[in-house]
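Subject: Structure handover

Hello,

Here is the structure for you to look through. Please keep it open while you read my notes below.

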Amino acid sequence: PLHIKAYFDNATSTVTYLVSDPETQQAAIIDPVLDYEPHAAKLSTRSADKILTDAAAEGLTIQWVLDTHAHADHLSAADHVRRQTGAIYGIGAHIVDVQRQFKPVFNAADLIPDGHLFDHLFEDGETFNIGTLSARIMHTPGHTPACLTYVIGDAAFVGDTLFMPDYGTARADFPGGDATMLYRSIRKILALPAETRIFVGHDYLPEGRDTYQWETTVAEERARNIHVRDGVDEKAFVTMRTKRDATLDAPRLILPSLQVNIRAGALPPKEEDGQVYLKLPVSMA
């Protein structure tokens with residue numbers, strides 16, 4: 001059986017997972033966070049290093065570092081993990097669509113949008129191993145074009161596609177997002193066996209709950225998810241999701257996050273003064 005340890009990042013409400021095979025001590029880290037303080041533009045690897053320290057203490061070898069998608073709410077620490085451990089950095093093959101979408105937004109002249117900055121681009125239905133654990137890829141677009149669900153043993157790591165039943169589902173209004181596609185992706189996830197454990201990428205405390213949670217099941221989602229429980233059809237979901245998305249502000253870290261994450265968690269190249277700069281494309285309201 002796989003072993004799963006979760007790390008909750010309070011600054012971004014992100015959950016990072018350390019998934020390991022007890023038989024071989026091989027492991028994967030899913031959705032690691034690079035700490036970023038936006039007011040001073042200061043970076044730190046503190047959160048990722050805590051996971052690496054724990055993994056080393058448990059005698060684990062980090063075989064894979066995996067992102068479920070190009071996050072818009074936090075900077076990925078996957079490149080840091082890769083450089084520290086030699087792990088293979090995997091993400092969905094449709095990341096190239098996201099790179100093409102956002103390269104001009106940031107005038108990222110250095111970026112070749114072909115996915116080569118990542119080590120492995122996963123296709124829908126592909127399988128791979130973490131030690132002796134068998135893992136399978138489900139392409140679950142809608143929140144972004146490149147979103148993946150990693151199905152590892154009896155667990156599904158769904159990224160931002162689904163949240164806890166009392167919080168609902170991901171937004172679908174980012175460039176390349178699509179509420180109809182999101183609904184269909186969620187139905188694919190909810191067609192997994194009822195006892196499948198679902199591990200979500202974020203938790204935000206809904207009214208009436210005072211503790212963060214990130215593990216549920218297919219059965220619980222089908223019975224209780226406030227947006228997509230059984231009986232909610234595609235049309236009703238798309239209407240609800242579109243109306244709700246129109247009320248949401250952009251994520252606090254969307255601009256720094258995307259320009260780092262399309263570069264596989266790396267910063268833009270240094271400029272002639274030796275300094276690295278993140279860009280804020282300014283638009284008039």
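Buried means under 20% relative accessible area, exposed means over 50%, and partly exposed is in between (1.4 Å probe, protein chains only). Helices (H or I, at least four residues) and strands (E, at least two) are DSSP runs, numbered from the N terminus. With those terms, look at helix H7. In H7, Ile254, Pro256, Ser257, Leu258, Gln259, Val260 and Asn261 are buried.

Some ground rules. This is a predicted model: local features need pLDDT of at least 70, side-chain atom pairs count only at pLDDT 80 or more, and totals for chains, interfaces and linings use all residues. Residues are numbered from 1 along each chain as its sequence is written, and side-chain values use heavy atoms, with hydrogens and water left out.

Helix H7

H7 spans residues 254-261 and is mostly covered, with seven of its eight residues buried. What do the buried residues of H7 pack against? They pack against S4, strand S7 (75-76) and H3. Contact here means heavy atoms within 4.5 Å.

Strand pairing

Two strands pair if DSSP finds at least two bridges between them. Strand S3 (residues 26-30) and strand S6 (residues 61-66) run parallel, joined by five bridges. Ile29 has Val65 in S6 as its bridge partner. S6 also runs parallel to strand S8 (residues 88-92), with three bridges between them. There, Leu66 is bridged to Gly90 in S8.

His69

Go on to the loop between S6 and S7, where His69 lies. Is His69 buried or exposed? His69 is buried, with a relative accessible area of 1%. Its side chain makes a polar contact of 3.0 Å with that of Thr68. A polar contact is a pair of N or O atoms within 3.5 Å; within protein, one must be able to donate a hydrogen and the other to accept it, and residues adjacent in sequence count only if both atoms are side-chain atoms. Leaving out residues up to four places away in sequence, His69 touches Ile91, His143, Thr144, Cys147 and Asp160.

Aromatic rings

Rings of Phe, Tyr and Trp (its six-membered ring) pair if their centres lie within 6.5 Å; planes under 30 degrees apart count as stacked, over 60 as edge-to-face and the rest as tilted. The structure holds 15 aromatic pairs. One of them is Phe128 with Tyr150, edge-to-face, at 6.3 Å centre to centre and 85° between the planes. This pair links distant parts of the chain: Phe128 sits in strand S10 (residues 127-130) and Tyr150 in strand S12 (residues 148-152), 22 residues apart. Both Phe128 and Tyr150 are buried. Together with Trp64 and Phe122, they form one aromatic cluster.

Backbone angles

Most residues other than glycine have a negative phi. Ala41 is not a glycine, yet has a positive phi of about 55°. Find Ala41 in the loop between strand S4 (33-37) and strand S5 (42-44). Asn107 is not a glycine either, and has a positive phi of about 45°. Asn107 is in the loop between helix H3 (95-102) and strand S9 (120-122). Asn107 is exposed, with a relative accessible area of 55%.

Best wishes
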